[in-house]
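This report describes one protein chain for a reader who has its sequence and structure at hand. Please keep both in view while reading.

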Amino acid sequence: MIKAYKIKRATIKDVARAAGVSIATVSRVINGNYYVSPRIEEKVQQAIAESGYVPNSVARSLKSNTTYLIGFIVSDISNFMLMSIARSIENVIRDNGYNLLVCSTENDEELERKYIDALVSRNISGIVLHSTGKLEEYITQVSQHVPIALVYRHVEHSGFIGDTIDTDARQASYDMTRHLIDSGHKRIGMLNGYMQFSTSRDRWRGFCSAMEEAGLPVNEKYIANGDFTEADGYTGTLRMMSQNPPPTALIGMNTAVTVGAMKYLQEAGISIPEDVSVVCYGEVENSELMKISPTRVPQFPSDLGSKVGELILDRIKNPGRSNREIIFGAKIIPGNSVAPPPNN
């Protein structure tokens, strides 16, 4: 018969006894809410390390009325950009005693509402949101009670309280389109998101501005809208390249749709850039190892994630501050995926 052993966890009393201080002093060192001399703090930290004491997060949450949890609600947990942002947020908030909880909505507004409700009911400290774009009024109501920071997708309701961090999608879209036009392209396809997303609307406006400026028509046959997924990029490219004549260039308005487009083109035996040029809004992971490295405008997910981590922590501490919007600039990085259009 195997004997069961009960493991005894060290308590705050054990730490206080080992350090020769009061329980209140140990609590002050753990929470960092009152001054403790460096000599005493060092003794307490040494006692904590030697005893293996782990603070009771539940008790800490009840006492301070916060869970020290920040929720990150994303549209697609498999999206490379969003997971890069999550890693950077976590790096920032972890150093401040918070943990990150990630939820994926698959762009379903009912799931989004469900996750928001669940996080709020658990007294979440703050929410970082990549919205479905369908619950603006509800999100606005929640923002008046819970600290919120938005990533990429804006809430355009006047009553929203919170912060927004984004890249200059309209300028990026304009620059990518202009780059293709300057390379000689007139039939340009666009793989974009649904117009419920503020990001899709911004990218559409930049694209249309560049086309109109060049005196070129926007052909609906060369436009594909979806959920910004790899599958959407694949099927949208299939449909556009089946047109007669097909586009000579494609703009993928995020990394996932661009990867989907490139997969279809490879399977169909359509060469980049000899048969069709491709540009991407975002970074294709490990593109430096690929034969084709897309010309692109980066979205800086790591930098953006670090900044949104700072914003949500600041808003948790200062919930009454005014709204902030931080926009990262757009800059084209040349690859080898653009060439003059073929003679067709």
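The sections below move from the whole chain to particular residues and then to a pocket.

## Overall Architecture

The model is predicted. The protein chain contains twelve helices and eleven strands. Its C-alpha trace spans about 85 × 50 × 45 Å along the principal axes.

Of the 344 residues in the protein chain, 47% count as buried. Among the contacts in the protein chain with a separation of 6 or more, 67% are between residues 24 or more positions apart.

## An Aromatic Pair

A search of the whole structure finds five aromatic pairs. One of them is formed by tyrosine 68 and tyrosine 98, with 5.2 Å from centre to centre and 45 degrees between the planes, and this pair is tilted.

Which parts of the chain does the pair tie together? Tyrosine 68 lies in the loop between helix H4 (57-64) and strand E1 (69-74), while tyrosine 98 lies in the loop between helix H5 (80-94) and strand E2 (99-104), so the pair ties together parts that are 30 residues apart in sequence. Tyrosine 68 has a relative accessible area of 17% and is buried. Tyrosine 98 also counts as buried, at 9% relative accessibility. Both values meet the criterion, because buried means under 20% relative accessible area.

## Arginines over Rings

Two arginines are placed over aromatic rings. Arginine 113 lies over the face of tyrosine 138, at 4.5 Å from the ring centre. The charged end of arginine 153 sits over the ring of phenylalanine 197, 3.7 Å from the centre of that ring.

## A Buried Arginine

Is arginine 315 buried or exposed? Arginine 315, found in helix H12 (residues 301-317), has a relative accessibility of 2% and therefore counts as buried.

Leaving aside neighbours within four places in sequence, arginine 315 is in contact with Pro147, Ile148, Ile161, Gly162 and Asp163, and also with Arg321, Ser322, Asn323 and Arg324.

## The Largest Pocket

Rolling a probe the size of a water molecule over the atoms shows where empty space is left. The largest pocket has a volume of about 380 Å³.

How many residues line the largest pocket? The lining consists of 14 residues, and Met262, Gln266, Ile272, Lys291 and Ile292 are those nearest the centre of the pocket. By type, the lining of the largest pocket divides into nine nonpolar, two polar and three charged residues.

Terms used. Residues are numbered from 1 along each chain as its sequence is written. This is a predicted model: local features need pLDDT of at least 70, side-chain atom pairs count only at pLDDT 80 or more; totals for chains, interfaces and linings use all residues. Side-chain values use heavy atoms; hydrogens and water are left out. Rings of Phe, Tyr and Trp (its six-membered ring) pair if their centres lie within 6.5 Å; planes under 30 degrees apart count as stacked, over 60 as edge-to-face and the rest as tilted. Helices (H or I, at least four residues) and strands (E, at least two) are DSSP runs, numbered from the N terminus. Buried means under 20% relative accessible area, exposed over 50%, partly exposed in between (1.4 Å probe, protein chains only). A charge sits over a ring if NZ of Lys or CZ of Arg is within 6 Å of the ring centre and within 35 degrees of the ring normal. On a 1 Å grid over the protein atoms alone, a cavity is a set of points where a 1.4 Å probe fits but cannot get out, and a pocket is an open set with protein on both sides within 12 Å along at least five of seven lines; lining residues have an atom within 4 Å of a point. Grid points are joined across faces, edges and corners, and a volume is the space filled by probe spheres set on the points. Ala, Val, Leu, Ile, Met, Phe, Trp, Tyr, Cys and Pro count as nonpolar, Asp, Glu, Lys and Arg as charged, and the others, Gly among them, as polar. Contact means heavy atoms within 4.5 Å.
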